[in-house]
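Visitor: I'm new to this one and would like a friendly tour. Could you put it up on the screen for me?
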Amino acid sequence: MKPREIRLSTTPTPEAIAELRLGDIVYLDGLMYTAREGVYMRALEEKANIPMELPSESAANFHCSPAARINADGSFDMGAVTATASFRFAKWLPEWMAKTGAKLIIGKGGMSSRDYKEYFVPNGAVYLSTVGYGTGALLGRGVENVEAVHWNEELGLAQAMWVIRCNKMGPFIVASDLNGDCLFERENAKIAENIARVYEGTKPAVLKRYGETDDRSDEVI
Amino acid sequence: MTQHIPLSLIQSTAQTLMEKAAIEIPQDYLDGLKRAADTEDGDLSSFVLRAMLDNYEAAKEDRRAMCGDTGVPRWFVKLGNDARVEGGMVALEGALRRATAHATNSVPLRPNRVHPLWRTDHDNNVGIGAPEIEYGFEPSGDWIDLITVHKGGLFGTDYRMLFPSDGIQGIKRFYLDSLMAFGKRGLACQPAIIGIGLGGSKDICMTLGKRASVLRTVGSRNSDPRIAAMEDEFKELGNSIGMGAMGFVGKNMVIDCNIEVGYCHTGGMPMSVHAFCLSSRRAVARLWPDGRVEYRTDPDWFTPYQRRETVDWEPVQEAAE
């Protein structure tokens, strides 16, 4: 069965978000900003003023550092764009969402259903995963313009806050919904049925490690 | 008089290699992924593989990097025993560092390299120990091979000290553990070229596994037929988990499995596992003193000389030259 394809604004209505189903393919239009550990630490721990009007300008936070450069004349060249793994940012996301009204968190690999239920759903937000990973060139084609780059001097190119105008940027996959269900955990559960057969005949290592689990339905994130 | 390979040729070729690696998926990996896409029947994992095939085309058409995470650029340099570089090896290292910095801006690549503690970013992928430059030698030839690899760095790799009593079943289990742990949610960006290092000392075990994943092509086999059979078996095993791209239900996790070995301590059997991702970026060029340059994507690193196990190297073909 072919997945459903949807165009979505980066300032989506509650109804548009409620429409989304796990596994839908999404293409984005509008302004999106990158924010990962550097931006979170600067905005939330160092209390720097966020240099954008959020969420009115954008409700889409991309866990991304682009392959991009700032030219001598101050213009930008953005080549490929892909996401970094989001689970590492759980520490900052609840406060970030409360502060910025972000409705779309976009990254790699998703969060746990606990994260979704605890602070995505109450904020009316969902998670979109990049595809691959990663379709950097396809996503790069969806960048209509680089509007600004903030905090480049403080954080460097890779951690700076890039403001991107998207035109049918995608594909992304809907990885959480307003029930707080998690696409990746659903897939994990299906795969778990087969684990015992694959491991048949193998035995635990002679030398153990602290914290080791023999439950392969566990995740390491 | 010995002819030197010109330094300017080394730097310009290195810059071209940086661009090729970032933009052009190697044909052997592309063929492997096309075969995977043809056999994949999971809805979501099928969609992902087709999107990746479109992505490689878009990268080549637009001359833009195939992935926004352009990895951590590094160099492997192989020298024929008679090769001489203008300015010597210090000059060569300077040229490779300049090429890395220049290409980071010109392609552009993501400036991924930072100080581990202070997070200082020179915005050029150059810093302490970066890019890594490693060397190998061959018994004859006046050429040098420049190989650049831009491997993603955070997930998919693991090391474990196993022991002879763990046996092949222990090796299989650690291999599966690595695929399970990092395959979920697609953290390893599979389907990947899985490299397994067996033996060596701890650091060399990691090096062997890394090189098995990044310096061998899809479809290559270890020259030891029993290890080659293990490579086939492990590829099959990884693809029987039921996990595909992004950790979705599917049957393609391993595009190929390459195993490299080195002699280790008699009491141990160290093992490492590495995953070279959906953006398996490598590019190679051979440079001669007369200015000739030949580009390719097969590093051809693991020659009989690299895998030698005798005290002296006395191959028959040496006498003919």
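**A walk through chains A and B**

Visitor: Which residues does A:Gly38 touch, not counting those up to four places away in sequence?
Guide: Leaving out residues up to four places away in sequence, A:Gly38 touches A:Leu155 and A:Gln159. Touching, or being in contact, means that the C-beta atoms of two residues, placed from the backbone, lie within 7 Å.

Visitor: Before we go on, what sort of model is this?
Guide: This is a predicted model, where local features need pLDDT of at least 70 and side-chain atom pairs count only at pLDDT 80 or more, while totals for chains, interfaces and linings use all residues. Residues are numbered from 1 along each chain as its sequence is written, and chains are lettered from A and ligands numbered from 1 in the order in which they are written.

Visitor: Back to A:Gly38, then. Where does A:Gly38 lie?
Guide: A:Gly38 lies in helix α2 of chain A. Helices (H or I, at least four residues) and strands (E, at least two) are DSSP runs, numbered from the N terminus.

Visitor: And is A:Gly38 buried or exposed?
Guide: A:Gly38 is buried, with 20 other C-beta atoms within 10 Å. A residue is called buried if 20 or more other C-beta atoms lie within 10 Å of its own, exposed if 12 or fewer, and partly exposed in between, with C-beta atoms placed from the backbone.

Visitor: How far apart are A:Gly38 and A:Ala158 in space?
Guide: Their C-alpha atoms are 9.0 Å apart, although A:Gly38 and A:Ala158 are 120 residues apart in sequence.

Visitor: Let's look at backbone angles. What is phi of A:Lys47 near?
Guide: Phi of A:Lys47 is near 60°, a positive value in a residue other than glycine. A:Lys47 lies in the loop between α2 (37-45) and β3 (60-62) of chain A, and A:Lys47 is exposed, with 7 other C-beta atoms within 10 Å.

Visitor: What about A:Trp151, what is its phi near?
Guide: A:Trp151 has a positive phi too, near 65°. The loop between β8 (143-150) and α6 (152-155) of chain A holds A:Trp151, which is partly exposed, with 19 other C-beta atoms within 10 Å.

Visitor: Which peptide bond to A:Pro171 is cis?
Guide: The bond from A:Gly170 to A:Pro171 is cis, with omega near 5°, and A:Pro171 sits in strand β9 (residues 161-174) of chain A. In chain B, the peptide bond from B:Gln190 to B:Pro191 is cis, with omega near 5°. B:Pro191 lies in the loop between α5 and β5 (192-199) of chain B.

Visitor: Now the two chains together. How many residues does the contact take from chain B and from chain A?
Guide: The contact takes 55 residues from chain B and 50 residues from chain A. On the side of chain B that touches chain A, two or more residues each come from α3 (43-62), β4 (158-162) and α5 (167-183) of chain B. The largest share, eleven residues, is from α3(B).

Visitor: How do the residues on that side of chain B divide into nonpolar, polar and charged?
Guide: There are 29 nonpolar, twelve polar and 14 charged residues. Here Ala, Val, Leu, Ile, Met, Phe, Trp, Tyr, Cys and Pro count as nonpolar, Asp, Glu, Lys and Arg as charged, and the others, Gly among them, as polar.

Visitor: You mentioned α3(B). At what angle do α2 of chain B and α3(B) pack?
Guide: Helix α2 (residues 27-39) of chain B and α3(B) pack at about 150°, with their axes 9 Å apart. That makes α2(B) roughly antiparallel to α3(B); the word is used for angles over 145 degrees. Axes are lines fitted to C-alpha atoms, for helices over the stretch in contact, and angles run from 0 to 180 degrees between N-to-C directions.

Visitor: Which residues make that contact?
Guide: Among them are B:Leu30, B:Leu33 and B:Lys34 of α2(B), and B:Leu49, B:Arg50 and B:Tyr56 of α3(B). By class, the contact of α2(B) with α3(B) has eight nonpolar, no polar and two charged residues.

Visitor: One last pair: how far apart are the axes of α1 and α4 of chain B?
Guide: The axes of helix α1 (residues 7-23) and helix α4 (residues 88-106) of chain B are 8 Å apart, and the helices pack at an angle of about 35°. The contact of α1(B) with α4(B) has ten nonpolar, four polar and two charged residues.

Notes:
Angles under 35 degrees count as roughly parallel, over 145 as roughly antiparallel, 65 to 115 as roughly perpendicular and the rest as oblique.
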